[in-house]
Amino acid sequence: MLILLDENLLSQKLKQPFLNEGHSISNVYDMGWRGLKDREILDLAENHPFDVFITADKNLPYQQNLADRVIAIVVLDSSSTRPDHLVPLMRQVSTMISSLPAGSAVRINDAGNVVSISP
């Protein structure tokens, strides 16, 4: 799978769990998309085409219309965005993203609970 990490997830440590699972991963900085609005990033990601977009922006589902999106979206609902805090969560996400249908959106919390986000 081709995965894009949002600009709030720039640490190289956060990429490693996905690489270990055989996924290809970039972040918005790698793509030259840093500073763009969420809608623009999602549009570019779908046209690239990335399969999954991962963000720690908990407000994304409320600020963007996700109903017509083709890309799967994972929102990290974590108490911290420090890389050392997020690595275990990223390990879990890296093993479950292959089962996400295109256009789906889920929220995953620190306990590893995954909840579907209704567009």
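## Exercises: cores and a sheet

The largest nonpolar core holds 22 residues, and those with the most contacts inside it are Leu9, Ile54, Val74, Leu76, Met90, Val93 and Ile97. (A nonpolar core is a set of buried Ala, Val, Leu, Ile, Met, Phe, Trp, Tyr and Cys residues joined through side-chain atoms within 4.5 Å.) This is a predicted model: local features need pLDDT of at least 70, side-chain atom pairs count only at pLDDT 80 or more, and totals for chains, interfaces and linings use all residues. Residues are numbered from 1 along each chain as its sequence is written, and side-chain values use heavy atoms, leaving out hydrogens and water.

**Exercise 1.** Find which element gives the most to this core.

*Solution.* List the elements that give two or more residues: β1 (2–5), β3 (52–55), β4 (72–77), α5 (83–96) and β5. (Helices, H or I, have at least four residues and strands, E, at least two, as DSSP runs numbered from the N terminus.) α5 gives the most, with 6 residues. Another core, of 15 residues, lies apart; Val28 and Ala45 are among them.

**Exercise 2.** Explain why one side of β2 and of β6 has no neighbour in the sheet.

*Solution.* Write the strand order of the open sheet: β2-β1-β3-β4-β5-β6, with mixed pairing. (Two strands pair if DSSP finds at least two bridges between them.) β2 and β6 (114–116) stand at the edges with a single partner strand each, so one side of each is left without a neighbour.

**Exercise 3.** Decide whether Ser26 is buried or exposed.

*Solution.* Locate Ser26 in strand β2 (residues 24–27). Its relative accessible area is 16%, so Ser26 is buried. (Buried means under 20%, exposed over 50%, partly exposed in between, with a 1.4 Å probe and protein chains only.)
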